[in-house]
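Take a look at the sequence and the model below.

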Amino acid sequence: MNSIVLSKKQFYELKELVYRISGINLHEGKLELLKSKIAKRMRVTKKDFKAYLDYLKTDEHEVVEFIDTVTTNHSFFFRENRSIAYFIDQLAARPDAGRKMFQIWCAACSTGDEPYSIAVQMAAKNLRFNILATDISHTVLAAALRGIYRKDKLKNVPLPILHQYFQRGSGKYNGFVKIKKEIASHIRFERFNLITDPPPSERFDVISCRNVMIYFDMPTSERVVNKLYQSLQPQGYFAIGNAESLMNLEHRFKSIPKIPSLYTR
Ligand SMILES: C[S@@+](CC[C@H](N)C(=O)[O-])C[C@H]1O[C@@H](n2cnc3c(N)ncnc32)[C@H](O)[C@@H]1O
């Protein structure tokens with residue numbers, strides 16, 4: 001239990017702040033989580049409770065740090081891979097596949113598991129590609145750049161891919177693997193807030209935005225989906241998470257029969 005006492009009013013102020021900046025909708029069930037995160041940030045910033053709350057409301061950088069601690073970053077390699085395998089097969093079947101440089105945007109990339117999973121499968125098909133991998137959290141982007149993972153996060157990776165594109169760690173890195181440079185060099189990691197940042201000017205052949213909209217309410221998801229629509233090439237692919245749906249949202253994506261979490265423009 002946490003010793004911090006957060007009044008309802010303070011909880012709702014924080015909830016509103018997190019919602020405004022990140023789109024994440026914190027429910028009252030998150031009260032204890034919020035308190036432990038505040039306690040953690042109070043220790044880091046060496047402020048007492050009231051001073052920390054005032055600081056949080058006025059310092060944009062601290063809001064970003066705080067949101068970092070309330071977001072769920074869970075991810076693993078080859079997660080929900082059916083839609084990824086499907087769009088990669090479709091890209092590989094295009095008549096221009098041998099010469100085209102495919103542009104892919106992984107729009108809530110967490111620690112990099114998803115963009116690297118896409119990259120190794122694109123590479124295994126000898127496709128040419130660049131991936132823009134973005135997230136709101138600096139912490140996960142730093143981890144993604146390091147590209148070092150506990151082996152249990154790669155349980156779903158087929159062995160030939162594991163051997164070809166990952167280096168096995170030794171010594172203090174025993175039990176870890178590192179993504180090889182030849183794969184990492186295809187990926188650009190950048191901070192991007194789906195709620196507040198304008199869409200990038202480039203158009204992508206694939207946009208993957210998976211397992212983040214589950215934390216958004218419907219109006220927020222609808223805004224995000226329509227923002228991403230603008231950044232997708234005609235006939236491009238749009239992937240969402242298996243637990244997510246575009247049903248009940250106003251959007252112009254076309255669904256793909258039998259591949260529930262994949263859409264085209
Ligand atoms: C559960 S992870 C999903 C990772 C990966 N896409 C997957 O499916 O395994 C959700 C990610 O969304 C990020 N996120 C949350 N709010 C965001 C926002 N407003 N803009 C961009 N990323 C956000 C979090 O930092 C977190 O890394």
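A residue counts as near a molecule if one of its heavy atoms lies within 4 Å of that molecule. There are 22 residues around the ligand, and Ser75, Arg79, Glu114, Asp135 and Asn211 come nearest.

Before going on, note that this is a predicted model: local features need pLDDT of at least 70, side-chain atom pairs count only at pLDDT 80 or more, and totals for chains, interfaces and linings use all residues. Residues are numbered from 1 along each chain as its sequence is written, and side-chain values use heavy atoms, with hydrogens and water left out.

The side chain of Asp135 has an N or O atom 2.6 Å from a ligand oxygen. The side chain of Asn211 also places an N or O atom 2.8 Å from an oxygen of the ligand. Arg210 uses its backbone instead: an N or O atom there lies 2.8 Å from a ligand nitrogen.

Now step back to the domains. Their bounds come from an automatic or database domain assignment. The protein chain is split into domain 1 (8–70) and domain 2 (81–264). Their C-alpha centres lie 29 Å apart.

How much area is buried between domain 1 and domain 2? The figure is about 880 Å², and carbon and sulfur atoms give 49% of it. Buried area is the accessible area (1.4 Å probe) that two parts lose on being put together, summed over both. In domain 1, Tyr19, Val64 and Asp68 lose the most area to domain 2, together 42% of what that side buries.

Contact means heavy atoms within 4.5 Å. Eleven residues of domain 1 are in contact with twelve of domain 2. Helix H1 (8–22) and helix H4 (60–70) each supply at least two residues of the domain 1 side. Helices here are DSSP runs (H or I, at least four residues), numbered from the N terminus.

What about charge pairs? A salt bridge is a side-chain nitrogen of Lys or Arg within 4 Å of a carboxyl oxygen of Asp or Glu. By this rule the count comes to 15, but between domain 1 and domain 2 it is zero.

Definitions and conventions:
Polar contact = N/O pair within 3.5 Å; in protein donor to acceptor, adjacent residues only side chain to side chain.
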